[in-house]
Amino acid sequence: MSQSEDPYEDLKITTGAVVEPNTSRVNKTGSWRQFKPVIDAETCIACGQCDTFCPDQAAKPVEGEDFYAFDLDYCKGCGICEEVCPVDAIDMIREVK
Ligand code: SF4
Ligand code: SF4
């Protein structure tokens, strides 16, 4: 391949394009979900790890409480929150549709 050939030509993307942040708040990804996270509020220590690592910003603190909850419209059920929770307060359960 010569230096002048574009290796990304077949991909139909603009090299170096920057995607706007927070696009996951535009797309409701909840309909993709096979599993959903369930928090044990008694066990949650409100550390915020699930919020930090959730790719869809679906984990948020519950106002006035010491635990977190999920906005299931945006949760795609990836299970990252369950993996990162330091106190095992989250269980992924199969979605019933
Ligand atoms: S399952 Fe994935 S998308 Fe849903 S709240 Fe947890 S980290 Fe976010
Ligand atoms: S990671 Fe676990 S303990 Fe921390 S806020 Fe989320 S559910 Fe609570």
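Colleague: How do the residues of the shell around ligand 2 divide into nonpolar, polar and charged?

Modeller: They split into 11 nonpolar, 2 polar and no charged. Ala, Val, Leu, Ile, Met, Phe, Trp, Tyr, Cys and Pro count as nonpolar; Asp, Glu, Lys and Arg as charged; the others, Gly among them, as polar. This is a predicted model: local features need pLDDT of at least 70, side-chain atom pairs need 80 or more, and totals for chains, interfaces and linings use all residues. Residues are numbered from 1 along each chain, ligands are numbered from 1 in the order written, and side-chain values use heavy atoms, without hydrogens and water.

Colleague: Which residues are the closest to ligand 2?

Modeller: Cys44, Cys47, Gly48, Cys50 and Cys85, out of 13 that surround ligand 2. A residue is near if one of its heavy atoms lies within 4 Å.

Colleague: What makes Cys85 buried or exposed?

Modeller: Buried means under 20% relative accessible area, exposed over 50%, partly exposed in between (1.4 Å probe, protein chains only). Cys85 has 17%, so Cys85 is buried.

Colleague: Why is Cys78 called partly exposed?

Modeller: Its relative accessible area is 43%, so Cys78 falls in between.

Colleague: Why does Asp56 count as buried?

Modeller: Its relative accessibility is 3%, so Asp56 is under the 20% limit.
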